Amino acid sequence: MSRFLSLHVLRLLPQVAALAVILLMISFAFPDFFRLEIQNGRLYGSLVDILNRGAPVALLAIGMTVVIATKGIDLSVGAVMAICGAVAAACITSGHSLAVTLLVTLGAGVLCGLWNGVLVAVLDIQPIIATLVLMVAGRGIAQLITEGAILTFNDPGLIFIGSGSLFGLPMPVVIWLAFGIVVALLVRRTALGMLIEALGINRRASTLSGVSTGVLLIAAYMLSGLCAAVAGIIAAADIRGADANNAGLWLELDAILAVVIGGTSLLGGRFSIAASLIGAMIIQAINTGILLSGFPPEFNLIIKAAIIVLILVIQSPRARTVFAWLSRSRGAADGAGQDRADRAGTGQEAK
Amino acid sequence: MTIKAALAGATVLAVSFFSAAAAAEMTVGFSQIGSESGWRAAETTLTKQQAEERGIDLKFADAQQKQENQIKALRSFIAQGVDAILLAPVVATGWDEVLQEAKEAEIPVVLLDRTVDAADDLYLTAITSDLVHEGNVAGQWLADTVAGKPCNVVELQGTTGSSPAIDRKKGFEQALESHDNLKIIRSQTGDFTRTKGKEVMESFLKAEDGGKNICALYAHNDDMAVGAIQAIKEAGLKPGTDILVVSIDAVPDIFEAMAAGEANATVELTPNMAGPAFDALDAYRKDGTAPPKWIQTESKLYTQADDPMKVYEEKKGLGY
């Protein structure tokens with residue numbers, strides 16, 4: 001058990017370290033960064049903002065991790081967010097109750113996932129192409145629903161999901177934490193996670209050894225659709241309106257980036273939902289840090305890119321070899337432990 | 001007498017029939033940026049309405065915020081041989097080549113609501129509001145309102161590099177130049193969207209002592225202001241009182257906020273750009289009168305004193 005735990009900690013170490021360094025850097029530029037206070041019965045501060053604003057990408061990253069573990073990718077999640085936001089706004093403004101609205105919206109997200117899953121699993125279309133279809137068409141569908149305008153609503157229940165608070169935390173934070181824990185337990189406390197990894201490493205071999213890979217693949221994309229639906233509801237509820245053009249725009253790329261920063265390989269196989277969630281927080285910390293720093297907006301994207309390149313270079317297998325070599329030359333005794341950390345970290349060598 | 005009247009009537013009918021037929025022959029391609037804001041949707045609605053009223057066959061292309069899509073749309077309009085092209089350019093640069101192609105095909109291009117960095121012989125005319133003037137009106141209002149008291153202003157810019165972001169910033173800064181009491185302390189892009197407006201305002205509030213340091217917000221469009229107003233409320237401050245809110249565009253939702261006392265002023269950017277565009281095109285096609293290179297629309301200031309609820313009701317039906 002303790003070996004299991006230490007392996008887990010080692011697996012998350014690079015991501016946690018990167019996040020810590022970034023938070024520290026921001027606090028140098030902006031000393032009040034770590035200040036937290038209670039306001040209107042909820043925590044208030046920049047750290048809470050990072051957790052709150054990172055909610056959509058964190059939710060998308062949960063589904064994306066599972067899809068990527070199956071050696072797939074889901075480019076449609078941003079567009080599915082827009083569709084689901086539009087569906088939620090249309091439902092609530094036409095007088096349906098909150099429960100019906102949420103059910104219909106989540107259903108719409110799962111349906112989008114089912115479409116992707118069928119294209120990938122049954123028709124055997126490459127995931128990047130299959131999900132590209134909905135990525136392009138999705139925004140059009142969302143615009144059809146909102147008729148091109150921003151569809152605003154005033155239902156207090158729906159607004160609560162975007163800007164209410166529970167246990168002193170903003171609702172979106174509670175939702176993505178809970179969702180992440182449930183999905184992580186579901187895949188790790190059952191054989192599901194193992195089966196997904198097997199499917200991602202070799203689908204044919206998994207099928208031959210009795211795993212119903214088709215069902216599993218479709219389920220992975222449906223989970224991704226569900227995550228996108230929740231993210232879409234949060235994004236719409238946050239601004240009290242469904243903005244078909246901008247809701248979730250480019251977030252599929254941020255979600256993929258979060259998974260990659262989390263160390264899950266795009267080639268499928270081993271995955272870690274916790275690492276992806278930390279990856280999502282790293283991205284949001286960079287965004288929030290740039291906003292707080294007061295740099296002119298022309299620098300936003302360059303700073304973000306530079307930090308991300310740095311993180312990815314440090315995590316790359318080549319850099320790991322160099323680090324391992326350096327630590328080995330320092331002391332042979334440390335070598336074995338470092339070796340194990342490497343293997344746990346990249347996941348690829350372990351296969 | 002009756003014969004004369006009948007003849008006259010017939011002539012009028014015939015003339016109107018022919019002119020209608022002549023107008024119907026006009027096919028116009030319209031490359032719209034997208035519908036990133038309510039204003040943009042209203043412009044699209046009004047353009048379609050105007051085209052229908054004048055019997056113009058309008059080919060509409062939505063670019064989804066991408067210049068490459070607009071260039072593709074323009075090329076396809078040229079290939080279809082339309083009589084004129086309306087272009088609402090998403091960014092200012094990179095249009096020379098495709099505009100040259102339109103010129104070679106002898107298709108007049110009218111720019112709507114934004115301009116481009118290209119030689120002015122490449123397009124017929126640009127119909128825009130004076131963006132610098134809009135920023136100026138907003139800045140002037142703020143200077144008059146705070147009347148000499150020291151005031152720290154935060155600014156939500158539009159999409160980096162777009163001409164409204166550059167010019168609305170410039171005009172506002174010009175208005176503030178002669179007032180040492182007004183100072184822009186933070187300026188960031190909110191990409192013209194509610195979500196980003198809210199997120200950036202949240203960070204401004206954190207960075208400036210929970211917002212106590214901020215006296216006014218200037219947003220380059222109303223949607224960002226609407227998002228920012230929510231952020232101000234969630235931070236426990238009163239928008240419109242603790243932090244003055246002035247923005248540009250005059251979309252219906254900002255009038256609702258003004259009626260509730262949460263926004264203070266907005267400068268109107270009229271969504272009816274197509275009307276003057278079609279007028280100019282008609283004159284140009286009839287006898288070749290080249291319109292001036294720039295046709296300016298009015299920038300009207302609305303405040304809480306202008307019965308915001310009434311304006312809201314008027315604007316609601318426009319498709320914002």
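Modeller: A charge is taken to sit over a ring if NZ of Lys or CZ of Arg is within 6 Å of the ring centre and within 35 degrees of the ring normal. In this predicted model, the charged end of Lys48(B) is placed over the ring of Phe60(B), 4.4 Å from the ring centre. Chain A holds a contact of this kind too, in which the charged end of Arg188(A) lies over the ring of Phe271(A), 4.4 Å from its centre.

I turn now to the interface. Here 34 residues of chain B touch 34 residues of chain A. The size of an interface is often given as the accessible area lost when the parts come together. Between chain B and chain A about 3000 Å² is buried, and carbon and sulfur atoms contribute 47% of that area. On the side of chain B, the residues that lose the most area to chain A are Gln188(B), Arg194(B) and Lys206(B), which together account for 21% of what that side buries.

Lys206(B) also takes part in a salt bridge with Asp49(A), at 2.8 Å from N to O. The interface of chain B and chain A has 3 salt bridges by the rule applied, and 8 residue pairs are in polar contact between the two chains, counting pairs with both residues at pLDDT 80 or more. The elements of chain B that each give two or more residues to the side touching chain A are α2 (38–53), β7 (182–189), α7 (194–207) and α8 (222–234). Of these, α7(B) supplies the largest share, 10 residues.

The aromatic pairs remain. Rings of Phe, Tyr and Trp are paired if their centres lie within 6.5 Å, and the count comes to 5 aromatic pairs over all chains. One of the pairs joins Phe33(A) and Phe34(A): the ring centres are 5.2 Å apart and the planes stand at 65°, so the pair is edge-to-face. Phe33(A) is buried, with a relative accessible area of 0%, whereas Phe34(A) is partly exposed at 40%.

In chain B, Phe172(B) and Tyr218(B) make a stacked pair, with 3.7 Å from centre to centre and 10° between the planes. Phe172(B) belongs to helix α6 (residues 163–177) and Tyr218(B) to strand β8 (residues 216–219), so this pair ties together parts that are 46 residues apart in sequence. Phe172(B) is buried, at 0% relative accessibility, and Tyr218(B) is buried with a relative accessible area of 0%.

Technical notes:
Residues are numbered from 1 along each chain as its sequence is written. Chains are lettered from A and ligands numbered from 1 in the order in which they are written. This is a predicted model: local features need pLDDT of at least 70, side-chain atom pairs count only at pLDDT 80 or more; totals for chains, interfaces and linings use all residues. Side-chain values use heavy atoms; hydrogens and water are left out. Rings of Phe, Tyr and Trp (its six-membered ring) pair if their centres lie within 6.5 Å; planes under 30 degrees apart count as stacked, over 60 as edge-to-face and the rest as tilted. Buried means under 20% relative accessible area, exposed over 50%, partly exposed in between (1.4 Å probe, protein chains only). Helices (H or I, at least four residues) and strands (E, at least two) are DSSP runs, numbered from the N terminus. Contact means heavy atoms within 4.5 Å. Buried area is the accessible area (1.4 Å probe) that two parts lose on being put together, summed over both. A salt bridge is a side-chain nitrogen of Lys or Arg within 4 Å of a carboxyl oxygen of Asp or Glu. A polar contact is a pair of N or O atoms within 3.5 Å; within protein, one must be able to donate a hydrogen and the other to accept it, and residues adjacent in sequence count only if both atoms are side-chain atoms.
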